[in-house]
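Student: I have a structure open on my screen and would like to learn how to read the places where its parts meet. Could we go through it together?

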Amino acid sequence: MNLDSKSPSGPLEQKWSKHKGEVKIVNPANKRHHRIIVVGTGLAGASAAASLGELGYEVHSFCIHESGRRAHSIAAQGGINAAKNYSNDGDSVYRLFYDTIKGGDFRSREANVHRLAEVSVNIIDQCAAQGVPFAREYSGELANRSFGGTQVSRTFYARGQTGQQLLLGAYQAMMRQVNEGRVKLFARREMLDLVMINGKARGIITRNLETGAIERHSADAVVLATGGYGRIFYLSTNAMNSNCTAIFRAYKRGAAFANPCFTQIHPTCIPVSGGYQSKLTLMSESLRNDGRVWVPKKKEDCKKNPNDIADEDRDYYLERRYPSFGNLVPRDVASRAAKQVCDEGRGVGESGLAVYLDFRDAIKRDGEPKVREKYGNLFDMYHEITDENPYQVPMRIYPAVHYTMGGLWVDYNLMTTIPGLHAVGEANFSDHGANRLGASALMQGLADGYFVLPYTIGHYIASTKLDKVTTDAPEFAAAEADVRAQIDGLMKIGSKGKKTVDEFYREVGTMMWDNVGMSRTTKGLEETIKNFQKLRAEFYENVRIPGESGEFNKQLEMAGRVADFLELGELMARDALERNESCGGHFREEMQTDEGEAKRDDDQFCHVSAWEYKGRETAPVLHKEKLSFESIHLAQRSYK
Amino acid sequence: MKLNLEIWRQKNPKTQGEFKKYSLDDVSPNMSFLEMLDHLNEKLIRDGIEPVEFDSDCREGICGSCGVIINGQAHGPKVGVATCQLYMRHFEDGATVVVEPWRAKAFPVVKDLVVNRSAYDRIIQAGGYVSTKTGGHPDANAILVPKQDADKAFEYATCIGCGACAAACPNASASLFTAAKISHLSLMPQGQPEKDARVVNMVNQMDMEGFGNCSNIGECSAACPKQIPLEAIASMKSDYIKASLK
């Protein structure tokens, strides 16, 4: 397997301009003869579909939702980073680049991250031009706030609904291309296989989720913008329908899966309250601008009313341990610190698995109206879910799975190891290393879709001999037959099985959270690999699926996704086991400093782990892309 | 708590639907309404009955996927929340709860509580955007937007496209949805050049989709989980008249 990153040569800050000047271009009159499939309509998918349609390509856009606007990007709350330096606080492209590399614990590719920082400024201009109603100052200029892992204020936002506003901007741009006839929408379609002809990605097989029909779609290139796989943990901040199926089926067809174990556990989520719970709700990281995180110093105070605990009895542990970044340390650091104080028995709330996020001081300093203006919708959401008023009592929060840094391996052109198959946004692995900084997911999704892929996919199309293919090709028939066999197989077991899809799913989630979650051990990971093999065998004997395949059938959809999670979970455990170091969100208990911080091993693990599929019950093969740092000195990450 | 449910069951768009009764006796007041339906479905599947299909995704009230009529009210009794954010503590123990899909000609039922809202996509497609290209824009601070305009535009732009406005309206009008997008873009300087064409095209599309007319009843705004104000419709109507007279 060839893992050539294709990073351009030359000085870091000139790589992207040089590359843009060197890529081949498709003649404007010829673009309409090339069809591109874009799967997913989140920030990356919608912005890619809009931009490619506008360039003149024939774009076919697919989503599992009834409308492109429902993609999970819509739920992103806090903001989007850009190196605009509007705050005049010393920000620059280099600083955003450096913060991102360091935040990712030196496990991302320099050239990609620098490009991300460069185009970040264009994204804000783009969104402003679309009429996105960003938060503004009284001067009429754009407002900024701070996020974790940085010491500048570079996050642009629209109250606590930044993802919604940016996605609607991209969705509207895509709908404009639908109106122009350049983009054709295929809603409620789930991609179930990738079709390869002569070693190139030439199409997909989908299931129409309304009718159950299996359909073939051909193209000259395929783009996967299908998001992350955090829902493998069952309880996460991801939406109910977020899943790994599209990228996992591509992995099965030969696309390498990079760093699958790199998972982001977000420190500020509303804690779990009962066994019936279907998902967890994030409280935006932006709250850490004004909220202070603490637990009682003494265990016996944990059940007391927090407002009765005097200042000297409170342990503002982030401010104590990390005085220079304080409450704004990166997510992995904040999550681990919360787990540590709870493990010490100083957690609060009924379960003891929560810490306080307190706005008392902010309200005293700025007044309630000011706090309401910044965070009103988040406070309301918290109030509704917990039945507690966060203006009066501190919020209780606990870490929860939020994002996956791992994903399909891509080169500098965002192409996977399968020629013609591209991956953008959270679906790829490239920019966030072992830990993503807050407000960088929106930045990456839009960077890929608006400003990177439109150049690089043109280069692929212009420089590749693409024979004409139709969906009558035998490869389409074979892929369709595989999909039908899988569905028929599931339905056959499903009609007699006794255990519901959700019961299996919850077991997958528990196994992942306990052993491949916030801290990981050799023993736990080895057991998890075996347990996944066992659970998979049980699934294929005893899963219950009601209804029929030729109709709207949510249980069947979920069964297919859980089947993939049952394999992905094992892959994640294998990757976590193999990576015998701690870095970013990946914390191996065996590898920590005396102060409990992550201990990297640059000699052994300064690489991307890319896994090659070998069969459902056969161990995958590991390939490595060595990471070389030309501009940055590898250093122990410190936020003290 | 105990709950008596009467839920609309319809196999597909072509067959006739009917209400079916189910009861649950172990509902937790901390469950969300959709978690209660999940819980019901697990029970139905184990009993060999097909589960109740409904749409939901983010479960944070922002994606707009969910939405059912609960005891005659779109998104249920609580003001300013989507169905996924409605908690069972707002219902009485032993209550009877009637659950129906959105009722509007332009939202055909797909199955049970699932409807097809692609009509809303087509209204946006008709002009709910600024016709700008990717790239080549001036610095974002080159065009100033007064804070009060940006804030007001944001308020309209928070529409989640759930369809509650049309479902709650006795005329099944999509005016609040359409007006929210028009008002958002009309308040921004970037939305000015296409203002007239936008309002005409979007309103015409709304009519073509089979939504009714607005007769100023206000159920839409009352049912809206984002509390989009009714004045959006007033300004849409006025913009429409001005644009059509030009």
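This is a predicted model: local features need pLDDT of at least 70, side-chain atom pairs count only at pLDDT 80 or more; totals for chains, interfaces and linings use all residues.

**Where the parts meet**

Student: Which residues belong to domain 1 and domain 2 of chain B?

Tutor: The domain assignment gives 3-110 as domain 1 of chain B and 117-245 as domain 2.

Student: How many residues of domain 1 of chain B are in contact with domain 2 of chain B?

Tutor: There are 20 residues of domain 1 of chain B in contact with 20 residues of domain 2 of chain B.

Student: And how do I put a size on an interface?

Tutor: Interface size is often given as the accessible area lost when the parts come together. Between domain 1 and domain 2 of chain B, the buried area is about 1400 Å², with carbon and sulfur atoms giving 62% of it.

Student: What does the rule find across the interface of domain 1 and domain 2 of chain B in the way of salt bridges?

Tutor: The rule finds one salt bridge there. Look at Arg117(B) and Asp55(B), whose side chains meet in a salt bridge at 3.9 Å, N to O; the cut-off is 4 Å, so this pair counts. Four residue pairs are in polar contact between these two domains, both residues being at pLDDT 80 or more. On the side of domain 1 of chain B that touches domain 2, the classes are twelve nonpolar, five polar and three charged residues.

Student: Now for the two chains. How many residues of chain A are in contact with chain B?

Tutor: Here 76 residues of chain A are in contact with 71 residues of chain B. The area buried between chain A and chain B is about 6300 Å², and carbon and sulfur atoms give 49% of that. Arg136(A), Tyr276(A) and Glu384(A) supply 12% of the area that chain A buries against chain B, more than any other three residues.

Student: How many salt bridges are counted between chain A and chain B?

Tutor: The count is ten. Between chain A and chain B, 49 residue pairs are in polar contact, both at pLDDT 80 or more.

Methods: Residues are numbered from 1 along each chain as its sequence is written. Chains are lettered from A and ligands numbered from 1 in the order in which they are written. Side-chain values use heavy atoms; hydrogens and water are left out. Contact means heavy atoms within 4.5 Å. Buried area is the accessible area (1.4 Å probe) that two parts lose on being put together, summed over both. A polar contact is a pair of N or O atoms within 3.5 Å; within protein, one must be able to donate a hydrogen and the other to accept it, and residues adjacent in sequence count only if both atoms are side-chain atoms. Domain bounds come from an automatic or database domain assignment. Ala, Val, Leu, Ile, Met, Phe, Trp, Tyr, Cys and Pro count as nonpolar, Asp, Glu, Lys and Arg as charged, and the others, Gly among them, as polar.
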